[in-house]
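Let's take a walk through a protein model together. Have a look at the sequence and the structure first, and then we will go from one spot to the next.

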Amino acid sequence: MNNKQNNALSQREGSGGSFKIRTYTKKELACQYFPMYENPHSAVKRLMSLINAYTNLVEELEQIGYQKSRRCFTSREVRLIVEYLGEP
């Protein structure tokens, strides 16, 4: 089982389901994953570093139309990110 499958399995088993898949600004999503960061810019940098560490995730995001210059993630992109990283 790969990381993507493990994360998807753990989401189905344990999560309370409070996280909603929808369009998020990068800042909104980053602050969900890293609420301990006081500076939202730092949270965005950390999230993007984490995403870039998963080359398969980056490739799949690019396949569905992800553009680095956009300030938001579409709901499809968020769903993919959550499949790899788990819910925030």
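Is Cys31 buried, partly exposed or exposed? With a relative accessible area of 29%, Cys31 is partly exposed, since buried means under 20% relative accessible area, exposed means over 50%, and partly exposed lies in between (1.4 Å probe, protein chains only). Before going on, note that this is a predicted model, where local features need pLDDT of at least 70, side-chain atom pairs count only at pLDDT 80 or more, and totals for chains, interfaces and linings use all residues. Residues are numbered from 1 along each chain as its sequence is written, and side-chain values use heavy atoms, leaving out hydrogens and water.

Another cysteine, Cys72, is also partly exposed, at 25% relative accessibility. A search of the whole structure for disulfides finds zero; a disulfide is a pair of cysteine sulfur atoms within 2.5 Å.

Now turn to Ile21, in the loop between helix H1 (3–14) and strand S1 (24–25). Helices (H or I, at least four residues) and strands (E, at least two) are DSSP runs, numbered from the N terminus. Ile21 has 28% relative accessibility, so Ile21 counts as partly exposed. Which residues does Ile21 touch, leaving aside its neighbours within four places in sequence? Ile21 is in contact with Ser75, Val78, Arg79 and Val82, where contact means heavy atoms within 4.5 Å.
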